[in-house]
Number of protein chains: 2
Amino acid sequence: MYSYTEENYLKTIYKLSEQGNESINTNSIAEVLQTKAASVTDMIKKLADKKLLNYEKYKGVALTERGRKVAIDTVRKHRLWECFLYDKLKFGWDEVHEIAEQLEHINSELLTDKLDEFLDFPTHDPHGDPIPSKNGVIKKSNFILLCDAKPNQILVMSGVSDHTAVFLQHLNKISMVLGTEMQITEKNDYDGSIAVKLSGNKSLYFSKDVAKNILVKVK
Amino acid sequence: MYSYTEENYLKTIYKLSEQGNESINTNSIAEVLQTKAASVTDMIKKLADKKLLNYEKYKGVALTERGRKVAIDTVRKHRLWECFLYDKLKFGWDEVHEIAEQLEHINSELLTDKLDEFLDFPTHDPHGDPIPSKNGVIKKSNFILLCDAKPNQILVMSGVSDHTAVFLQHLNKISMVLGTEMQITEKNDYDGSIAVKLSGNKSLYFSKDVAKNILVKVK
DNA sequence: TACATTTTTTAGACAAGCCTAAAAATATTT
DNA sequence: AAATATTTTTAGGCTTGTCTAAAAAATGTA
């Protein structure tokens, strides 16, 4: 099928395009993949030859339908494995990403399907990211950033936009997990910090930096 | 750590040495790995440089303690993943090997340990092969070949020495699974075939070719 | 518009793993 | 012991994916 490296390139380009980046440029791919722009150009040419993306010199790249399919399938496998590690093996949500980076490249459609079934067809991974369906459809979540939410509504912690271990460990420390319910009691215009009330009348304060990486939905 | 390819070479050399082959020669490694003798020589030199095996030109190879450790760890991971696929995902015993060939190279000691615990510390894989312990000890099984067993003893089907899908599927067809109990009722000197009696007075006939690949233990 | 800066591509090189063909060493026959 | 056959190694080359340094194109600025 496709190599470990090819899958990683496709996945990276897919993710960059999802993040709203209109034209995906060489440097941003290189940065994510911790490689050099020259290497990216080389690989891009190969992927273009294989009709996995469209490429015009100096104009950036865009995935073809086929490339998108491969990328989404890799994301699907990544997120299913994260569920397995978290739900079944009891890894922390800050530990699953690195291992899933390896497992996502295991090549067996039957394995993916059986894993999906074993996990009881999860819709979201341990970070709240949606799991693409077998045929490549991703149900878009209507999550909003905590920093954009209005006071007095009941909010449910539903995801994160920063997936680094250090951020997730910070949330562990203050017991913020998916499903935690809260209400904003105060929004501070000066520094963008936010105060919330949890069940049991506990309150928490978030700096803007934290609040902009927490995804919530209105209950 | 070590590459996918390096692990496969070490595992192959380990298995050949377990099979009693005194000096492991280039051609036999090449045959197992479906590659060419010249390629094997190249890789052997690299593994010798890394002190994973001892190599003298034209004299074959032998694993060092370190090389043995890497090989056994790979075997351990392979067999644990086979248990996972068989016990949890309900793959057939004829389907697990190929996928475990990929999974055995996932690099995370914590993952291996947690998988071991999740599976409740299995001692044998779905084919009856023993699973090495975390510190590399393999409990030797006292299995004997069905073709060498004596009549009238109660025998328990405990493993196979042929791991090919076609052989395992043949056993499926005649409902021979691990744990099946039987008694030899007849040994035919002429062609080496064997008749056995199962519980419920069912009887089965095995050709020598089949009987020599079935491992049993005396109850 | 012309100059300076940034981004992207090209050119040439390297390591890992593999190959074929030929040479060298070992093993087997006679 | 010599001749033959087999096995192993060497030599040189290929592909994948990477790199650095330099050239080319695009972008930003005076």
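Of the 19 residues around DNA strand D in this predicted model, A:Ser3, A:Ala38, B:Asn25, B:Asn27 and B:Ala38 come nearest; a residue is near a strand if its C-beta atom, placed from the backbone, lies within 6 Å of it. At least two residues of this surface are supplied by each of helices H1 (4-18) and H3 (37-49) of chain A and helices H2 (26-32) and H3 (37-49) of chain B. Helices (H or I, at least four residues) and strands (E, at least two) are DSSP runs, numbered from the N terminus. H3(A) gives the largest share, 5 residues. By class, the surface near DNA strand D has 6 nonpolar, 8 polar and 5 charged residues, where Ala, Val, Leu, Ile, Met, Phe, Trp, Tyr, Cys and Pro count as nonpolar, Asp, Glu, Lys and Arg as charged, and the others, Gly among them, as polar.

Residues are numbered from 1 along each chain as its sequence is written, and chains are lettered from A and ligands numbered from 1 in the order in which they are written. Because the model is predicted, local features need pLDDT of at least 70 and side-chain atom pairs count only at pLDDT 80 or more, whereas totals for chains, interfaces and linings use all residues.

Between the protein chains, 14 residues of chain B are in contact with 13 residues of chain A, contact meaning that the C-beta atoms of two residues, placed from the backbone, lie within 7 Å. On the chain B side, helices H5 (96-103) and H6 (109-118) each supply at least two residues, and H6(B) provides the largest share, 4 residues. This side of chain B has 8 nonpolar, 3 polar and 3 charged residues.

The largest nonpolar core contains 69 residues, of which A:Leu85, A:Leu146, A:Ile214, A:Val216, B:Leu85, B:Leu146 and B:Ile214 touch the most other members. Such a core is a set of buried Ala, Val, Leu, Ile, Met, Phe, Trp, Tyr and Cys residues joined through C-beta atoms within 7 Å. A residue is buried if 20 or more other C-beta atoms lie within 10 Å of its own, exposed if 12 or fewer, and partly exposed in between. Leaving aside neighbours within four places in sequence, A:Leu85 is in contact with A:Phe91, A:Val96, A:Ile99 and A:Ala100.

A:Val218 lies in strand S8 (residues 214-218) of chain A and counts as exposed, with 12 C-beta neighbours inside 10 Å. Not counting residues up to four places away in sequence, A:Val218 touches A:Gln153 and A:Leu155. The C-alpha atoms of A:Val218 and A:Ile154 are separated by 6.0 Å.
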